[in-house]
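Here is a friendly walk through one protein model, from its strands to its loops. Have a look at the sequence and the structure, then read on.

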Amino acid sequence: MKVIWNNQLVEREDVKIDMEDRGYQFADGLYEVIRAYNGILFTAEQHVERLFTGAKKIDLILPFTREELIYLLNELIKENSIETGNIYLQITRGVSSPRNHTYPKIEFTSPVFTASTTVVPRNLETMKDGIKVITLPDMRWLHCDIKSISLLGNIMAKHEAHKKGKDEAILYRDEAVTECSASNVSIIKNKILYTHPDGNLILSGITKTVLLKVARQRGIIVKEETFTLKDLKEADEVFASSTTMEAMPVVEIDDKPVGDGKRGPVVKLLQELYVNEVELTCGS
Ligand code: PLP
């Protein structure tokens, strides 16, 4: 399997990352995960747009245009013959030596870009059975809209869930539910879908955006409003969403079942509508 290193397809063992790379020393960088179905990238433009938006927020000058990046990613998918799988890509601000917190001037360093693929089939069984989660205070920073490679707060939350034998952690600030450690979260109550509004407290999930679009098209009322931990625990249905999980039913929260503890009808419908959207771009 080839990987991308800067603007070339190379063997993984040929990639050389400097120990003073700011990604390694400061987590000074951004990432994206894009899914391929039938060898075609889904919502690639939206992922690339989010990368460019994030880069602007941290004054990182990307060394390619949107079109050049998409071209490169498609080359990688083709080269590695990926049918259903993920591209992980990341860009760091590059090397600053000696170590110095201040952003180096662009004349003195170049960003370092890498991307790799993995074959990952759709997890149909879990998408039917659902996942179990715990709730935790959201201890992360106040720029969760930036898809930063600095994920310590996220991985600590996920690790806490795994220690308890659960799959994910739903996070809350004060009483408001924000998102999960690696996905967005939405609830259904009396047939209305509630999800935290975009802003600095959550990552504006591309899967969530697709799901909200198809939900609205199907006549489901969608409210992008904050909801509380109490609302979460009294919801009829709860689901997490991300590029790799799609719409994932949450069937248990803090050891208590959500509804009857099974995937509910709205989440099932959203999963079907999502597949329709994928098929429009990627074929069936
Ligand atoms: N929120 C967080 C914290 C995430 O890490 C992710 C995905 O990695 C998401 C939300 C979902 O984003 P997307 O649907 O664009 O994959």
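## Strand β7 and its partners

In strand β8, Val 133 has Glu 168 as its bridge partner. The strands that meet here are β7 and β8 (residues 168-173), which run parallel and are joined by five bridges. Helices and strands are DSSP runs numbered from the N terminus, where a helix is H or I over at least four residues and a strand is E over at least two. Two strands are said to pair if DSSP finds at least two bridges between them.

Strand β7 (residues 131-137) also pairs with β14 (residues 246-253), in the parallel sense and over three bridges. In that pairing, Ile 131 stands opposite Val 250 of β14.

Before going further, please note that this is a predicted model: local features need pLDDT of at least 70, side-chain atom pairs count only at pLDDT 80 or more, and totals for chains, interfaces and linings use all residues. Residues are numbered from 1 along each chain as its sequence is written.

## The whole protein

How many helices and strands does the protein have? Its secondary structure comes to eight helices and 15 strands. Along the principal axes, the C-alpha atoms fill a box of roughly 55 × 45 × 30 Å.

The radius of gyration is 19 Å, which agrees with the value near 19 Å for a compact globule of 284 residues. That radius is taken over C-alpha atoms, and the globule rule is 2.2 Å times the number of residues to the power 0.38. Of the 284 residues, 39% count as buried. Here, a residue is buried if 20 or more other C-beta atoms lie within 10 Å of its own, exposed if 12 or fewer, and partly exposed in between, with C-beta atoms placed from the backbone.

Contacts tell us about the chain too. Two residues are in contact if their C-beta atoms, placed from the backbone, lie within 7 Å. Among contacts with a separation of 6 or more, 71% are between residues 24 or more positions apart.

## A six-stranded open sheet

Let us turn to another group of strands. Six strands form an open sheet with antiparallel pairing, in the order β2-β1-β6-β5-β3-β4. Its edges are β2 (8-11) and β4 (40-41), each of which pairs on one side only.

Inside this sheet, β3 (residues 29-37) and β5 (residues 85-92) run antiparallel and are joined by eight bridges. One example is Arg 35, whose bridge partner in β5 is Asn 86. Helix α2 (residues 44-57) lies across β3 and β4, running at about 180 degrees to β3. For such angles, axes are lines fitted to C-alpha atoms, for helices over the stretch in contact, and the angles run from 0 to 180 degrees between N-to-C directions.

## Around the ligand

Which residues are closest to the ligand? They are Leu 203, Gly 205, Ile 206, Thr 207 and Thr 243, out of 14 residues that surround the ligand. To be near a molecule or strand, a residue must have its C-beta atom, placed from the backbone, within 6 Å of it.

Helix α6 (206-217) and strand β13 (237-242) each supply at least two residues of this shell. The most come from α6, with three. By type, the shell divides into four nonpolar, eight polar and two charged residues. In this count Ala, Val, Leu, Ile, Met, Phe, Trp, Tyr, Cys and Pro are nonpolar, Asp, Glu, Lys and Arg are charged, and the others, Gly among them, are polar.

## Residues worth a look

Arg 263 sits in the loop between β15 (256-257) and α8 (265-282). Is Arg 263 buried or exposed? Arg 263 counts as buried because 22 C-beta neighbours lie inside 10 Å. Leaving aside neighbours within four places in sequence, Arg 263 is in contact with Lys 128, Gly 130, Pro 249, Val 251 and Lys 268. Its C-alpha atom is separated by 7.6 Å from that of Val 250, 13 residues apart along the chain.

Some backbone details also stand out. Asn 6, in the loop between β1 (2-5) and β2, has a positive phi of about 55 degrees although it is not a glycine. Asp 255, in the loop between β14 and β15, is not a glycine either, and its phi is positive at about 70 degrees. With 9 other C-beta atoms within 10 Å, Asp 255 is exposed. Finally, a cis peptide bond, with omega about 0 degrees, joins Ser 97 and Pro 98; Pro 98 lies in the loop between β5 and β6 (112-119).
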